[in-house]
Amino acid sequence: MVTYVLAFLTAMFVLYRFEKSTAPIQPFVQLLALAVMGRWLFMTIPNVQPTTAILMLTALLVSLNGAAVLALFVPILSGLLLGIGPFVFYQFLGWLLVVVLVRLFRPILLKSTVLLSLFGLISGFLYGWMTNLAFIEVIGTDVVKLFLLSFPFDLAHGISNVVFLIMIRPLFERIFLRQLG
């Protein structure tokens, strides 16, 4: 219950910060649609999806506020297509953790595609570990077994992040450099 309250308060803070920003909403709505559809299109391949890469590139090239709002709405909207449950809060917190870290290490990640790719691989595990907390809280399973069982899925997520980052980063840079100056 505490986690849900924490996630709700964090979501309210994210929305408040986005409301106070001067960023146009249209690019974020388009990115939201792209991220949700990316999850839906790749749903048959476990943990392979472009969503984390899209959120990472949004945090890297646009803004933390915009990426945080996407991290909030992607699991909610994609949950309407794929199924919604208590894990949605943990998906939000997992993606929020990833975008905050991307923004924190932004100067380094902008300079090196290799480091961004490595961080994409690590992000698959960070996101997976955060969503594992939903199972720990709801089911009360053994933590070590859960992390061992989730390793191949987290690895698949991390590898797909690397592939999607390499594929879509040039496109994102062209679009956002043109839009933002």
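# A tour along helix α7

Select S123 to start: S123 is buried, at a relative accessible area of 0%. Note that the model is predicted. S123 sits in helix α7. Now show its surroundings. Leaving out residues up to four places away in sequence, S123 touches T52, M56, V98 and N161. Keep M56 in view; the tour comes back to that residue.

**Next stop: S117.** Stay on helix α7, which also holds S117. Is S117 buried or exposed? S117 counts as buried because its relative accessibility is 12%, and the cut-off for buried is under 20%. Beyond its neighbours within four places in sequence, S117 is in contact with V162 and I166.

**The whole helix.** Select residues 113-138 to see α7, a helix of 26 residues. From first C-alpha to last, α7 reaches 38 Å, close to the 38 Å expected at 1.5 Å a residue. Zoom in on the start of α7. There, a side-chain oxygen of S112 comes to within 3.3 Å of the backbone nitrogen of V114. Then move past the other end. G140 follows α7, and its phi is positive, near 80°.

**Into the core.** Which residues touch the most other members of the largest nonpolar core? Select M56, L57, L60, V102, L116 and F172; these hold that place in a core of 39 residues. Now colour the elements that give two or more residues to this core: α2 (26-41), α3 (51-61), α4 (64-82), α5 (87-104), α7 and α8 (143-180). The most comes from α3, with eight residues.

Pick V102 from that set. Apart from neighbours within four places in sequence, V102 is in contact with M56, A59, L60, L109 and F119.

**Zoom out.** Trace the chain from the N terminus, and the elements run α-α-α-α-α-α-α-α.

Now colour by burial. Of the 181 residues, 45% count as buried.

Last, display contacts between residues at least 6 apart in sequence. Of these, 78% join residues at least 24 apart.

Notes. Residues numbered from 1 in each chain as written. Predicted model: local features only at pLDDT ≥ 70, side-chain atom pairs only at ≥ 80, totals over all residues. Heavy atoms only, no water. Helix = DSSP H or I, 4+ residues; strand = E, 2+ residues; numbered from the N terminus. Expected span 1.5 Å × (residues − 1). Polar contact = N/O pair within 3.5 Å; in protein donor to acceptor, adjacent residues only side chain to side chain. Core = buried A, V, L, I, M, F, W, Y, C linked by side-chain atoms within 4.5 Å. Buried < 20%, exposed > 50% of the residue type's maximum accessible area, 1.4 Å probe, protein only. Contact = heavy atoms within 4.5 Å.
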